[in-house]
Amino acid sequence: MAVTLEERKKAFAAIDKDGSGIISFNEWYNHFKDLPTAGEMTEDELFSMFCAYDKTRSKVGIDLEEYIELMKDVYDPHPKA
Ligand SMILES: [Ca+2]
């Protein structure tokens, strides 16, 4: 089932605890350390993931656009289907 833009925005807002519009590493870490699937990941591994998706590097975190790209990788592994 396709995930709508609204759902992605909600998911983004759930991680962006302070509503700054940017997911900081602290917010990212707090989100993922509580997920059962990511519970085994170390802080270093989470940081590597975070850096990989912070494509612009001009900000101190992941913005909505970058987050949507991330979600595509996670939930739409077959974009042509
Ligand atoms: Ca934030």
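What pattern does the protein chain follow when read along the sequence? The answer is α-β-α-α-β-α. Welcome to this predicted model, in which the protein chain has four helices and two strands.

**The chain as a whole**
- The protein chain has 81 residues, and 10% of them count as buried.
- Take the contacts between residues at least 6 apart in sequence: 48% of these join residues at least 24 apart.

**Where α2 meets α3**
- Helix α2 covers residues 25-32 and helix α3 covers residues 43-53; their axes come within 10 Å and cross at roughly 125 degrees.
- Because of that angle, α2 is oblique to α3.
- The crossing in which α2 passes α3 is right-handed.
- On the α2 side, the contact is made by Phe25, Trp28, Tyr29 and Phe32, while α3 brings Glu43, Leu46, Phe47 and Phe50.
- Sorted by kind, the residues of this contact are seven nonpolar, one charged and no polar.

**A look at Trp28**
- Trp28 counts as buried because it has 21 C-beta neighbours inside 10 Å, and the cut-off is 20 or more.
- Beyond its neighbours within four places in sequence, Trp28 is in contact with Ile15, Ile23, Leu46, Phe50 and Ile62.
- Trp28 and Phe50 are 22 residues apart along the chain, and 7.5 Å separates their C-alpha atoms.
- Both Trp28 of α2 and Phe50 of α3 are among the residues that make the contact between these helices.

Technical notes:
Residues numbered from 1 in each chain as written. Predicted model: local features only at pLDDT ≥ 70, side-chain atom pairs only at ≥ 80, totals over all residues. Axes fitted to C-alpha atoms, helices over the stretch in contact; angles between N-to-C directions. Parallel < 35°, antiparallel > 145°, perpendicular 65-115°, else oblique. Left-handed = near helix turned anticlockwise from the far one by under 90°. Contact = placed C-beta atoms within 7 Å. Nonpolar A, V, L, I, M, F, W, Y, C, P; charged D, E, K, R; others polar. Buried ≥ 20, exposed ≤ 12 C-beta atoms within 10 Å, placed from the backbone.
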